[in-house]
Amino acid sequence: MEETGDFINLAKSLGADESEFFFTSSRTLSFDARGKEIYSKQEDNESGYGVRILKNKRLGFSFFSRKEDAQRAIESALTSAKFAIQSNYSFPEKSSYKKVNCFDKKISELGSEDGIEFTKQLLSS
């Protein structure tokens, strides 16, 4: 991800000794049932970036959802690091890794109607 390098450079310019960023995205579909009846369903989509900062051997963390909030999140992580316990922790050097494909497209294409049907099957068993 190209912007990750930009975030690392921004963190360094704001005073971080070391930093690491990650991106996460998830979709959650949940159903609540009472007895054998479904009474509610909820769908949530969330995504965002996590940032961990090391400053003076102290670890800080923050999270942001929009790229334009990166600076605020980095500053927040730097602030939280001030109150952390000093450690000898450091982030690993940049390296390559083998891509693990654990994404199942069939699951991602399931909709709420599929979830209702699965839930009804569970309730009837």
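Me: Why is Y89 called partly exposed?
Reply: The relative accessible area of Y89 is 36%. Buried means under 20%, exposed over 50%, and partly exposed in between, with a 1.4 Å probe and protein chains only, so 36% puts Y89 in the middle class. This is a predicted model, in which local features need pLDDT of at least 70, side-chain atom pairs count only at pLDDT 80 or more, and totals for chains, interfaces and linings use all residues. Residues are numbered from 1 along each chain as its sequence is written, and side-chain values use heavy atoms, with hydrogens and water left out.

Me: What makes F91 buried or exposed?
Reply: F91 has a relative accessible area of 6%. That is under the 20% limit, so F91 is buried.

Me: How do you know which kind of pair Y89 and F91 form?
Reply: The count of aromatic pairs comes to six. Rings of Phe, Tyr and Trp (its six-membered ring) pair if their centres lie within 6.5 Å; planes under 30 degrees apart count as stacked, over 60 as edge-to-face and the rest as tilted. For Y89 and F91 the centres are 5.6 Å apart and the planes stand at 85°, so the pair is edge-to-face. One aromatic cluster is made up of F7, F21, F23, Y49 and F64.

Me: What makes the largest nonpolar core, and which residues have the most contacts inside it?
Reply: A nonpolar core is a set of buried Ala, Val, Leu, Ile, Met, Phe, Trp, Tyr and Cys residues joined through side-chain atoms within 4.5 Å. The largest one here has 13 residues, and F7, A11, F21, V51, I53, F64 and I74 have the most contacts inside it. Two or more residues come from each of α1 (2–13), β2 (37–55) and α2 (70–81). Helices (H or I, at least four residues) and strands (E, at least two) are DSSP runs numbered from the N terminus. With five residues, α2 gives the largest share of this core.

Me: Which residues does I53 touch, leaving aside neighbours within four places in sequence?
Reply: Contact means heavy atoms within 4.5 Å. By that rule I53 is in contact with A11, A16, E18, S19, R58, L59, G60, I74, A77, L78 and F91. In the strand pairing, I53 stands opposite G60 in β3.

Me: Why is the contact of E20 with R52 called a salt bridge?
Reply: The N to O distance between these side chains is 2.4 Å. A salt bridge is a side-chain nitrogen of Lys or Arg within 4 Å of a carboxyl oxygen of Asp or Glu, so the pair of E20 and R52 qualifies. E20 lies in β1 (residues 18–34) and R52 in β2, so the bridge ties together parts that are 32 residues apart in sequence. E20 is partly exposed at 23% relative accessibility, and R52 is partly exposed at 23%.

Me: How many salt bridges does the rule give?
Reply: The count comes to five. Among them are D69 with R66 at 3.1 Å and K105 with E109 at 3.8 Å. D69 is buried at 18%, whereas R66 is partly exposed at 46%. Both K105 and E109 are exposed. A network of salt bridges links R66, E68 and D69.

Me: What makes β1 and β3 the edges of the sheet?
Reply: Three strands form an open antiparallel sheet in the order β1-β2-β3. β1 and β3 (58–64) each have a single partner strand, so one side of each is left without a neighbour in the sheet. Neighbouring strands are turned by 25° against each other on average, direction ignored.

Me: How do you know that β1 and β2 pair?
Reply: Two strands pair if DSSP finds at least two bridges between them. β1 and β2 have 17 bridges in the antiparallel sense, so they meet the rule. β2 and β3 pair in the antiparallel sense over seven bridges.

Me: Where does N56 lie, and what is its phi?
Reply: N56 lies in the loop between β2 and β3. Phi of N56 is near 55°, a positive value in a residue other than glycine. K57 is found in that loop as well, with phi near 65°. N56 is partly exposed at 47% relative accessibility and K57 is partly exposed at 48%.

Definitions and conventions:
Axes are lines fitted to C-alpha atoms, for helices over the stretch in contact, and angles run from 0 to 180 degrees between N-to-C directions.
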